[in-house]
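This report covers the salt bridges of one protein model. The sequence and structure come first, followed by the pairs.

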Amino acid sequence: MHYSLLDLAPVPEGHDAAQALKNTGDLAVHAERWGYHRYWLAEHHNMPGIASAATAVLIGHVAGLTRTMRVGAGGIMLPNHAPLAVAEAFGTLATLYPGRIDLGLGRAPGGDHAVMRALGVHQQRAENFPNEVAELRDLFGPAQPDRAVRALPGEGTEVPLWVLGSSLYGAQVAAALGLPYAFASHFAPAALEQALEVYRRHFRPSETLEKPHAMLAINVFAADTEAEAHRLRTTMQQAFYRLRTGKPGKLPAPVDDLASVVPAGAMPALDEALRISAVGTPAQVREQIGRLVETHRPDEVILTGQIHDHAARLRSFEIAAEVLQGCGAAVPA
């Protein structure tokens, strides 16, 4: 089972986007050395704490810094873009870095209504998501010289497509099109069990995928001591609480007393949203990831974790890689 990494290029308090992008490049180089199979970046807009808005540009930067690791989008919010533009961008990436580019697709806007207006996006676009995914697959397929509109570069690159989701809808689309499915269990696990069951039960084999392939997203906060791991986690807990209350900002520093910044009444919903997590020492993280894998039976896992201090973030993902290698997870050649 491969293990991969999802990065939002977080901008910590006290730093700027330039430092965040430098940190992403550094993490990617380390991730390849530690055996991560994929390095995915996610599209978000109008968020001071996330620097991956121009996702395809950042994917090209990371791919240029690495040699063998797959790099891709986890994901591109398809209603924000014309399929042809996506095909040209990712077709160009696939031409520059053959056999290394992934394209995960979601139907959320990646921002609020103000962002949608600024991007010129209409809510109805999301309703056409399955057709646009299918159109993208055609654009990446074999050359069709008689086709009125072609992705150049793009056609013939066969860029692998993934459907991302946090509901039954994405599971149904992935199953109907015979595509791999990545569930956003790291922040929206409510429908996890049912979505995986729907995806597996209704999956229709395609030319590119014979059987279901599901990816589980897990938050990881690993450190040499349990206390330090839980302290690191308070950064993401604070950030998620601020986002839920309409006050997004840069990634906050960890605190010793979470109750001093997050009301007790908000904790149950916060704990539920972030329950697909592994927190603690290497031994504790090994046990927790093992339990999640045993319960949900993913074909692949992708790890993420919003950690304020870059060195601590590196150490957390290093520990996670050591844990997964110890569990027999595959390391790319």
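## Arg70 and Asp102

Asp102 counts as buried, at 0% relative accessibility (buried means under 20% relative accessible area, exposed over 50%, partly exposed in between, with a 1.4 Å probe and protein chains only). Its salt-bridge partner is Arg70, at 2.8 Å from N to O; a salt bridge is a side-chain nitrogen of Lys or Arg within 4 Å of a carboxyl oxygen of Asp or Glu. Because Arg70 lies in strand β3 (residues 70-77) and Asp102 in strand β4 (residues 101-106), the pair ties together parts that are 32 residues apart in sequence. Helices (H or I, at least four residues) and strands (E, at least two) are DSSP runs, numbered from the N terminus.

Arg70 is also buried, with a relative accessible area of 15%. A network of salt bridges links Arg38, Arg70, Asp102 and Glu300.

## Basis of the model

The model is predicted: local features need pLDDT of at least 70, side-chain atom pairs count only at pLDDT 80 or more, and totals for chains, interfaces and linings use all residues. Residues are numbered from 1 along each chain as its sequence is written, and side-chain values use heavy atoms, with hydrogens and water left out.

## Other pairs

The structure holds 14 salt bridges. One of them joins Arg313 and Asp7, with the closest N and O atoms 2.4 Å apart. Arg313 lies in helix α11 (residues 310-326) and Asp7 in strand β1 (residues 2-7), so this pair ties together parts 306 residues apart in sequence. Both Arg313 and Asp7 are buried.

Arg231 forms a salt bridge with Asp256, the closest N and O atoms being 2.9 Å apart. Arg231 is partly exposed at 29% relative accessible area, whereas Asp256 is exposed at 72%.
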